[in-house]
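Hello,

Here is the structure I promised to pass on to you.

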Amino acid sequence: MTVPSNNVSSNGQSEDMDIDQQNGNPAKKQKLISKEDLEKVMDDIEKRSLNVDEKWYLISLKWWRKVEKVLEDGFIEDITSIDNSNISRKGISGAFYLAPSLVEKMDFIPVPESSFEILKDSFGVEDEKRDIIERVVIKDKLRGNTLEIYPKIVHVVLARDRSKNLTLHLRNDTVGSLRERALKELGVDVPLNRIRFFVEHGDRMEWLKDIKDDDDVSTLFSSEPTIAVDVLDEDGRGFVSTKSTIDSATPLLARMYRLSINFFLWLFPEQSFISFLIHKFIYTPNNARTLSYLYRYENDDSWSSTPRYTRGVCGLSNLGNTCFMASAVQCLSNVPEITEYFLTDQYLTDLNVSNPLGTEGHLAKVYGHLMKDMWSGRQDSIVPRNFKSVIGKFAPRFSGYAQQDSQELLAFLLDGLHEDLNRIKEKPYVEERDPPEGMPQKEIAEEAWTNYKKRNDSIIVDKVHGQLRSTLVCPQCSKISIKFDPFCFLSVPVPAKEHIFRMKFVVLFNPTKKWAKFSLGITRSTTVADAAALISESLGEKIELVMFTVDVGGKARLYESSQPIAERSKYETIYAWQVKLPVKGNELVIANTVGEHRLKTLPIMFTIPGGSSEESVKEFADHEVIPFVKDVFMKKSLIKGSDDEAEKEEEMEEINEKCETEVKKSNEGWIANLSFEDTSILEDLRGSGLIEREKSVPEPKQDVALIDCINLFTREEQLSEQDSWYCPNCKEHVRAMKKLDIWKLPQILIVHLKRFQYSRWSREKIDTAVAIPGKDFHLRDILANDSHEDTIYDLIAISHHMGGLGGGHYTAGARNGDTWYYFNDAHASKASPPYGSPSSSPYMLVYRRRDSPIVHEDGNLEMETED
């Protein structure tokens, strides 16, 4: 095979440039693209499919948004040269590479080669070395055809002779195929039992001893790891195993060395001078990593009787954007009951390898090994590569090294552990029935929980699962339906931190009232329906409105009632036609007065009964729409103003002769295009000089308490059209009123703060500060179950997220004994309790109900505070 040249950076951009490119001179605009052609390019970008080996180019979304804005305004000449400065980084060598952890359609958009060439020819690029970011479409066995945004590259070096090295591009490689490629390129031809692979971590070497030939490399390595290939001699000695601070140290010598140190620590009291010297000069944090080489190859999973570090205070090295995984694992690791279950090997009795919903026990086993490593006290950090590999194998969305969500990872982990440890080996069929009339809710809940336990019985259910009551009420017949369902997380909403700003609305009355301009104070979450309600409230009557904006060509861009009104530019004017019939259940007619180059007047909105035919719509346009156009948009100097009905009819026929009507069906409803012979008779009225009115929403509350978020979770709401409920009484789907209540709380309560908000129109992170209770968190008052026992919870772990949507960084805090520790990937340190003043970083909270402590046979797991 051909080894890639060393002058290819990690983003696939070549450093070999011609003289002009090396000088960084931007390409000049050669020709200005027309608005129509630019729209075709944008449409092609949106619809183009991915074909293997095609070239695509990445463009900064920041620059692309400017293009979209300019396109709306119609001034193509204002579009600047392509600028990718905010997504590119300059390396030490001077080559540019793609910034890490970028997300498609949030940081950049991919553009096919043909479209990019058109954009480049039309607008140029500021710096060709920086702004031309080329990528290739590959066929991935998990995701199909996909654009390789971050090409997977691995550097391989021969441990004994580092001058022998190479760089391999990975494409759907397994461990076996990677090893075969590497050994062939390095010229190594020895039996496989004499080969060891290591991943370099600065001054540390990680032995890949538990990986399998069919493991997918994408689940093992992040971007550009360096792998050292060690060839053992005929006596079984390797170069890496002997390269340590003590020459020729072998596993046997390592054991003897450690046993001698432990013997002296046992022989002399903890406060003695000898013990002080050992801790001062041998077991110091600075020497810990060096000493780890002495017994790197020990295969001893036993509980260390003399831990060098506090048990459980063990960092997890970041394998490349895996901070989300480390944060979730640290939270679960510090749940005493579950960790004790794994440390004492109780989980081996419950292993359910035949459960088709599980992972054949692989996840439970690898998690058990991980817990023993983290709680052994032998090391201050470990590399969770095997754990990451098993996660990626059974959950492909976690197989790569893109940033993911810590709550989603923990949800998969808890569900996978539950199925792997489910004590029910053969799940019985349990028929779901509607409870008889008059059956007490307590009995309904107990029956539902009993039926659930018949199929689901594990340590996870015992400790983490609770029960919710779901109540549905039909808005037509008042039929009430009550169900009880299990839960593992309380995923509660966080109120968005909202700022009020003003937007202009021109309400076009059809046609009895004078048009009015409203200046509404709204927030980012104010929907179209909310804005319509504010306008109706200001007018003192309920009116039906159809809201829209107008693009540069005069075409209407409609809003949906549930759409946040601020998703469009807050500097745009929003129009609203008053219509007679509600849009729901009826059909919309959009009338356009067609001019030579653009629509002559504002689009005009009407509603007609649903199921209308094309002929009836055309008749409606001739007899209703055209007269309205005459009354509203025709220049007043041309109207005779006669009161005689016959003269009006004659005038009407004359107008009709000057206008041709074309009717067609669209996604929005009916489009009626009115083509006038002479459009100069029409005026383009857009609401100038109208009645000014103002209306605002109440000032939102900024900081909230956790109990406020839980109360929002239990607030009654109406189902959407997409989630409608089938009422057995009405025999139809209805938008029922739904309310969730907490009925049964688990011993370990996990609260997920829903900070990431997704909709059809936006994606954002809610950074509202939330006050987190640490101790004495009483939840008895919010329970729907009057007979529930007292519930007082203490916070034991917390997952933090800092930064924005699609990026940022996850950390964790956890209580070990009476001491709080802060976990930031491989680093762990003592910290103050993470509660008190409100903060925007808490994302996932783990609470433990007050019960008796868990005692390990070698010490109190929960109260372990040894330094």
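**Notes on a strand trio and a helix pair**

Strands β38 and β39 (residues 819-824) run antiparallel and are joined by 5 bridges. Please keep in mind while you look that this is a predicted model.

Let me stay with this pair for a moment. Within it, Arg815 stands opposite Trp820 of β39. The two strands form a hairpin, with 2 residues between β38 and β39. If you look at the turn, you will find Gly817, which has a positive phi of about 70°.

Strand β37 (residues 792-802) runs antiparallel to β38, and 6 bridges join the two.

Now for the helices. Helix α11 (residues 323-333) packs with helix α14 (residues 362-374) at an angle of about 75°, and their axes are 12 Å apart. That angle makes α11 roughly perpendicular to α14. On the α11 side, the contact involves Val329, Gln330, Leu332 and Ser333. They meet Tyr367, Leu370, Met371 and Met374 of α14. Sorted by type, the residues of this contact are 6 nonpolar and 2 polar, with no charged ones.

I hope this helps you find your way around.

Best wishes

Conventions
Residues are numbered from 1 along each chain as its sequence is written. This is a predicted model: local features need pLDDT of at least 70, side-chain atom pairs count only at pLDDT 80 or more; totals for chains, interfaces and linings use all residues. Side-chain values use heavy atoms; hydrogens and water are left out. Axes are lines fitted to C-alpha atoms, for helices over the stretch in contact, and angles run from 0 to 180 degrees between N-to-C directions. Helices (H or I, at least four residues) and strands (E, at least two) are DSSP runs, numbered from the N terminus. Angles under 35 degrees count as roughly parallel, over 145 as roughly antiparallel, 65 to 115 as roughly perpendicular and the rest as oblique. Contact means heavy atoms within 4.5 Å. Ala, Val, Leu, Ile, Met, Phe, Trp, Tyr, Cys and Pro count as nonpolar, Asp, Glu, Lys and Arg as charged, and the others, Gly among them, as polar. Two strands pair if DSSP finds at least two bridges between them.
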